[in-house]
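Please read them alongside the structure.

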Amino acid sequence: MELFLFLGSLFAFLFVGIPISMVLVLCSIVLMWHSGMWDSMIIPSTMLDGANNYPLMAIPFFVFAGEIMAEGGLSKRVVQLAQLMIGRVRGGLGYAAIISSVIFAGLMGSSVGEAAALGGLLLPMMAEVGYKPGRAGGVIASGAILGPIIPPSTNFILLGATISGLSITKLFMIGLFPGIFIGLALMVVWYFIVRIDGYNETITFSREEKWKIIRDAMPAFMMPVLLLGGIRFGVFTPTEGGAFAAIYAIIVCVGYYRELSFRGLLRVSARAARTTAVVMLIVATATAVGWFITIAQIPNQVTDLFRPLIDSPVLLLLAINIFLFLVGMVMDLTPNILIFAPVFYPLITQAGIDPYFFGLLFILNLGIGVITPPVGTVLYVVCGVGNIKITKLVRGMLPFLVTEIVMLFLLLFFPTLSLTPLKWLMGGG
């Protein structure tokens with residue numbers, strides 16, 4: 001009963017257009033009323049406890065670093081490096097967009113930020129050489145879902161902070177190779193689209209331009225290498241890594257590239273503060289509703305609902321992923337993590353499923369939701385940046401979306417594709 005009351009109130013409030021943070025507060029009130037625990041201090045005290053979480057300190061650092069890199073010249077240098085790597089191939093701008101998405105994911109860790117930065121740079125160039133608007137927007141949007149997967153991912157930080165006992169370092173590492181696999185799959189799809197749509201453009205550079213691009217892009221390219229290397233080998237924690245990323249971005253953009261003034265740094269700081277405030281408000285309100293979910297024993301009800309599948313981990317994962325795909329279509333990634341991770345993790349623990357493997361599937365599935373109508377936030381970002389109609393964007397993106405769904409289920413049915421690289425990266429075999 002409590003499970004259906006919670007889901008019913010959640011989707012009812014979302015349907016009438018109430019902001020998600022307020023929806024979570026209202027769901028908390030509904031569950032509090034149902035349980036008969038009227039106490040005006042429960043919700044604010046649990047919200048405070050939810051925001052007061054050390055691993056979450058990494059989020060403002062990574063958000064700040066991402067904003068600096070987007071504003072301070074790293075974005076265009078990453079795109080130029082990608083063009084240099086594969087621009088001579090027919091349809092080079094599309095390949096460059098996908099490679100840029102992979103590199104950007106290692107810099108920003110945010111699908112929305114990645115879509116906005118790459119869309120602003122690449123969509124005008126794609127339009128100039130004759131790309132269909134929906135197809136150009138589709139390749140940008142589909143590449144943006146690598147942001148939540150390839151480390152450093154703020155979504156993996158949220159997951160690690162929500163579920164006690166999960167190592168954020170391991171969550172980071174399990175996303176690295178699958179993210180690269182998905183990028184390669186998108187490039188295969190683009191190979192066929194280039195021939196179907198008839199794109200013929202190539203990009204060439206002189207010897208001097210090549211060396212200049214490599215020299216300029218090297219500081220940007222080294223940032224994820226130093227960051228992941230430092231986290232993997234214990235030089236710093238993920239939270240300290242976020243501080244390192246922010247300081248590194250300031251040094252490179254202000255001191256080396258000299259494209260970000262101190263006045264611009266203040267403007268970027270304000271924007272990063274607003275983004276962080278939105279995320280932390282959702283974290284706080286989700287913690288409150290999570291407290292009532294636990295009190296109402298909703299995780300136990302979910303376990304009972306899926307209990308017939310516990311002895312068959314593959315069928316259980318299949319059922320959970322179908323559910324997550326549906327909720328991802330109507331709700332954004334951050335609240336989905338905070339609401340459903342505590343609900344499903346006890347269930348997958350009972351089924352003997354590797355928690356990091358499930359974390360990868362969980363984040364990838366909900367990441368696909370940000371490019372899935374009707375509430376795909378990345379879709380609307382790309383539409384706004386490129387002035388593209390949503391219907392054209394969805395049609396142009398469909399081959400990429402199908403590919404990413406196929407990759408999700410490929411990872412589901414073949415766990416070794418993610419677990420074996422994790423063992424290599426963590427030194428376990």
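1. The largest pocket is lined by 37 residues, and those nearest its centre are Ser 110, Val 112, Gly 113, Thr 275 and Val 279. On a 1 Å grid over the protein atoms alone, a pocket is an open set of points where a 1.4 Å probe fits, with protein on both sides within 12 Å along at least five of seven lines, and lining residues have an atom within 4 Å of a point. Its volume is about 840 Å³, taken as the space filled by probe spheres set on the points.

2. This is a predicted model, in which local features need pLDDT of at least 70 and side-chain atom pairs count only at pLDDT 80 or more, while totals for chains, interfaces and linings use all residues. Residues are numbered from 1 along each chain as its sequence is written, and side-chain values use heavy atoms, with hydrogens and water left out.

3. The lining divides into 20 nonpolar, 13 polar and 4 charged residues, where Ala, Val, Leu, Ile, Met, Phe, Trp, Tyr, Cys and Pro count as nonpolar, Asp, Glu, Lys and Arg as charged, and the others, Gly among them, as polar. H4 contributes the largest share, 7 residues; the helices supplying at least two residues each include H4 (58-71), H7 (111-128) and H13 (262-295), helices being DSSP runs (H or I, at least four residues) numbered from the N terminus.

4. The axes of H4 and H9 come within 10 Å and cross at roughly 175 degrees, with axes fitted to C-alpha atoms over the stretch in contact and angles running from 0 to 180 degrees between N-to-C directions. The two helices, H4 and H9, are therefore roughly antiparallel (angles over 145 degrees). Ala 58, Ile 59 and Phe 62 of H4 meet Thr 154, Ile 157 and Leu 158 of H9, contact meaning heavy atoms within 4.5 Å; these residues divide into 5 nonpolar, 1 polar and no charged.

5. Two backbone details deserve a look. Pro 151 and Pro 152 are joined by a cis peptide bond with omega about 5 degrees, and Pro 152 sits in the loop between H8 and H9. Arg 258, in the loop between H12 and H13, has a positive phi near 60 degrees although the residue is not glycine.

Definitions and conventions. Angles under 35 degrees count as roughly parallel, over 145 as roughly antiparallel, 65 to 115 as roughly perpendicular and the rest as oblique.
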